[in-house]
Amino acid sequence: MPIVAQSTETTDWVSRFADEVIEESERRAPGKPVVVASGLSPSGPIHLGNLREVMTPHLVADEIRRRGYQVRHLISWDDYDRYRKVPAGVPGVDESWAEHIGKPLTSVPAPKGSTHANWAEHFKAAMIESLGELGVEFDGISQTAQYTSGVYREQILHAIKHRGDIDAILDQYRTKKAPAKKQQGQKPVDEAELEAAEGSGAAAEDDGSSASAGYFPYKPYCGNCEKDLTTVTSYDDDSTELTYACTACGFSETVRLSEFNRGKLVWKVDWPMRWAHEGVVFEPSGVDHSSPGSSFQVGGQIVGIFGGKQPIGPMYAFVGISGMAKMSSSKGGVPTPADALEIMEPQLLRWLYARRRPNQSFKVAFDQEIQRLYDEWDRLDAKVADGSVLPADAAAHSRAVRTAAGELPRTARPLPYRTLASVADITAGHEDQALRILSELDPEQPLTSLDEVRPRYDKAEAWINTHVPAEQRTIVRDEPDAELLKSLDEASRQSLRLLLDGLAEHWSLDGLTHLVYGVPKVQAGFPADATPKELPPEIKTAQRSFFALLYHLLVGRDTGPRLPTLLLAVGQERVRALLGE
């Protein structure tokens, strides 16, 4: 199939990478499926920074599929990595898990209460479910299965045969110091970043063992305690007989590596080996891979030993979190794709990853910023519908709402997220009240069921319940504030009368919006529909004072949900009572 070239002036970053990947795949493996890859280590909760490791190749692979090519998106589950430490804050995990440090992740028990077979499966399961919601099509590869079944046996023997060459490459970088890491808490919470995974999460220092037998790019897992705290003490290239000793339990044994399946290549050798074995053409890497001596840079030299080529590998930047403190991927409570999908629709999360080039950082919002993001998304949706959208924005929108397999499920009537959140806040779980309010937003097209605004309504309700502090929740007053009402001057009393006189006629979202903004205009002698350009600056001050008065009388504080939504939620009869009619 010929390459479908795209104009780089009007297309997005995804299309440009797709052009490059298709061309490179045809050069390397003509007629074969295009192979893109991601690597994830289920060493703990897989966070939103790790998701960029998946979404970047997914978006490129999906674009290639849309053009009619066959594509394989591989996700290597690095579940044969060593268990490095007990992550803090993971439910069902205590310090007793420290006894498993050094074992493969698939040999570590799952957290208490989990239904999964082991630690790795427990954390993989949550990610797989989220990827399904996001429409990500992939082929999962368990590295435990690959290594323990002998799939990589020839590659392991080849690496050991060429261990001197590998050692010489690695030795070029061993004297280089890694860049200093930022201290946790160095940035304010709203600028917190989630560090991108170091490749698949393996530690950079694992480049092999040097002992009496010389350098070895391979670590056996101990036959007694299962830990990788082992050192190769002798090896015979002809017979492949290998002897190792375990420093954890003192166990030692001699095995034939040509028949042995209980160990793995060290990370800086393992990654390029897989590039060659799978024929990977495209795989992104985190910003930490761009430094001297990083796994990606070193792998670009080592891959030649296995007869392969380094993939096209864009560096991707940090993913920030708005509303949560900085956390590393091994800590509990770290925001995961499942956490984000609890409060936002898959389309919005896809869009956040699609609209920014890989080397641009961005934030996923868990605070009030999510309302602004949804407003921006809805405006984009409207521009797509009326044909006024710019080409690159249209491409990002298309990648958010559909894949090559079809449209993602969406909310039938996507009412504004901030409106739904306000209604969920005010009604506190009473669905009949929520339906009453939402059905009055547009009297000409009344809502007949909450199902019409799902799943967006459920996401907004989840956000209110899990991310809005109790002191910011809206509680409508039970009784009028008699003292405040008695203290009002004549101008304030007049503003309330004007509002109350117009309630019945303006009882809809648009009508109440017009009414509450119009009252201060009318009081000042201007038409209610006068535009800001036709008004003096003091009208804005009068509007703010009027709004603050209404909030105090309705909810007992200076601010709250948008007033039109709040009025609808409280209901005409109760509004009239609280405003002293």
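**Close-up views of the predicted model**

**View 1. A charge over a ring at Trp351.** In this predicted model, the charged end of Arg355 lies over the Trp351 ring, 4.1 Å from the ring centre.

**View 2. The largest nonpolar core around Met344.** The largest nonpolar core holds 103 residues. Those touching the most other members are Leu48, Met344, Leu349, Tyr353, Val364 and Leu438. Leaving aside residues up to four places away in sequence, Met344 touches Leu349, Leu352, Val364, Ala365, Ile370, Tyr374 and Lys459. Another core, of 30 residues, lies apart from this one and includes Tyr80, Tyr152, Tyr215 and Leu265.

View 3. Three strands make up an open sheet, ordered 1-2-3, with parallel pairing. Its edges are strand 1 (34–40) and strand 3 (139–142), each of which pairs on one side only. From one strand to the next, the twist averages 25°. Four bridges join strand 2 (residues 71–77) to strand 3 in the parallel sense; Trp77 has Ser142 of strand 3 as its bridge partner. Helix 3 (residues 119–133) packs on the sheet and touches strand 1, strand 2 and strand 3. The direction of helix 3 makes about 155° with that of strand 2.

**View 4. Aromatic pairs.** The whole structure contains 20 aromatic pairs. In one of them, the ring centres of Tyr80 and Tyr221 are 5.0 Å apart and the planes are at 65°, so the pair is edge-to-face. Tyr80 is in the loop between strand 2 and helix 3, and Tyr221 is in the loop between strand 7 (218–220) and strand 8 (230–235), so the pair ties together parts 141 residues apart in sequence. Tyr80 and Tyr221 are both buried. A further edge-to-face pair is formed by Tyr353 and Phe362, at 4.9 Å centre to centre and 85° between the planes. Tyr353 is buried, at 2% relative accessible area, and Phe362 is buried as well, at 8%. Through ring pairs, Tyr80, Tyr147, Tyr152 and Tyr221 are linked into a cluster.

View 5. Helix 20 (residues 563–570) is largely enclosed by the rest of the structure, because eight of its eight residues are buried. The buried residues are Leu563, Pro564, Thr565, Leu566, Leu567, Leu568, Ala569 and Val570. Their cover includes helix 13 (417–427), helix 14 (431–439), helix 18 (509–523), helix 19 (538–555) and helix 21 (572–578). After helix 20 comes Gly571, with a positive phi near 95°.

Conventions:
Residues are numbered from 1 along each chain as its sequence is written. This is a predicted model: local features need pLDDT of at least 70, side-chain atom pairs count only at pLDDT 80 or more; totals for chains, interfaces and linings use all residues. Side-chain values use heavy atoms; hydrogens and water are left out. A nonpolar core is a set of buried Ala, Val, Leu, Ile, Met, Phe, Trp, Tyr and Cys residues joined through side-chain atoms within 4.5 Å. Buried means under 20% relative accessible area, exposed over 50%, partly exposed in between (1.4 Å probe, protein chains only). Contact means heavy atoms within 4.5 Å. Two strands pair if DSSP finds at least two bridges between them. Helices (H or I, at least four residues) and strands (E, at least two) are DSSP runs, numbered from the N terminus. Axes are lines fitted to C-alpha atoms, for helices over the stretch in contact, and angles run from 0 to 180 degrees between N-to-C directions. Rings of Phe, Tyr and Trp (its six-membered ring) pair if their centres lie within 6.5 Å; planes under 30 degrees apart count as stacked, over 60 as edge-to-face and the rest as tilted. A charge sits over a ring if NZ of Lys or CZ of Arg is within 6 Å of the ring centre and within 35 degrees of the ring normal.
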